Amino acid sequence: MATVTLNSENHDKTVEDGIVLIDFWAGWCVPCQRFAPIYEESSESHEDVTFAKVDTEDQQDLAMRYGVTSIPTLVAYREGIPVFSQAGALPQSALEDLIGQVRNLDMDEVRTAYAEAQQKEQA
């Protein structure tokens with residue numbers, strides 16, 4: 001699967017189902033340039049995962065929404081719930097490991113913990 005370009009308009013619909021990885025990047029960022037082919041290669045190997053990219057220069061509002069202060073930053077969602085966020089380029093083996101971990105999450109536990117965190121935030 002090729003990567004999709006994520007923006008403010010398609011963000012919510014994109015992250016609501018399945019496993020979604022988001023790569024926050026910029027054209028001038030050397031680590032981003034090194035991570036890009038690794039990310040692309042994984043997108044070809046995992047057709048059940050949505051690989052999205054956010055150009056932080058073009059989508060500054062979206063980058064701010066995530067609090068991105070360093071790039072590249074990788075964010076993972078599963079079933080509409082953010083389950084991972086980390087700045088820094090990952091090697092291929094770490095990216096593959098992350099995808100496996102996200103696949104193996106107990107989503108009943110994740111949904112419960114997420115709902116509790118949401119309630120505390122609103123209190």
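Helices are DSSP runs of at least four residues, numbered from the N terminus. In this predicted model, Arg111 is located in helix H5, which covers residues 107-122. With a relative accessibility of 37%, Arg111 is classed as partly exposed, because that class lies between the limits of 20% and 50%. When neighbours within four places in sequence are set aside, Arg111 is in contact with Glu79 and Ile81. Arg111 and Ile81 are 30 residues apart along the chain, and their C-alpha atoms are separated by 7.8 Å.

Helix H4 comprises the twelve residues 92-103. Four residues of H4 are buried, namely Leu95, Leu98, Ile99 and Val102. Viewed down the helix axis, the buried residues of H4 fall within an arc of 100° and so line one face of the helix. These buried residues pack against helix H2 (30-45) and against strands E2 (19-25), E3 (49-55), E4 (73-78) and E5 (81-87).

The largest nonpolar core contains 16 residues, of which Leu6, Ile22, Phe24, Val54, Ile71 and Tyr77 have the most contacts inside it. At least two residues of this core are supplied by each of E2, E3, helix H3 (60-65) and E4. The largest share, three residues, comes from E2. Apart from this core lies another, of 13 residues, including Leu21, Tyr39, Ala76 and Val102. Beyond its neighbours within four places in sequence, Tyr77 has contacts with residues that include His11, Ile22, Tyr66, Pro82 and Val102.

Notes. Residues are numbered from 1 along each chain as its sequence is written. This is a predicted model: local features need pLDDT of at least 70, side-chain atom pairs count only at pLDDT 80 or more; totals for chains, interfaces and linings use all residues. Side-chain values use heavy atoms; hydrogens and water are left out. The expected span of a helix is 1.5 Å times one less than its number of residues. Buried means under 20% relative accessible area, exposed over 50%, partly exposed in between (1.4 Å probe, protein chains only). The arc is that of the directions from the helix axis to the C-beta atoms. Contact means heavy atoms within 4.5 Å. A nonpolar core is a set of buried Ala, Val, Leu, Ile, Met, Phe, Trp, Tyr and Cys residues joined through side-chain atoms within 4.5 Å.
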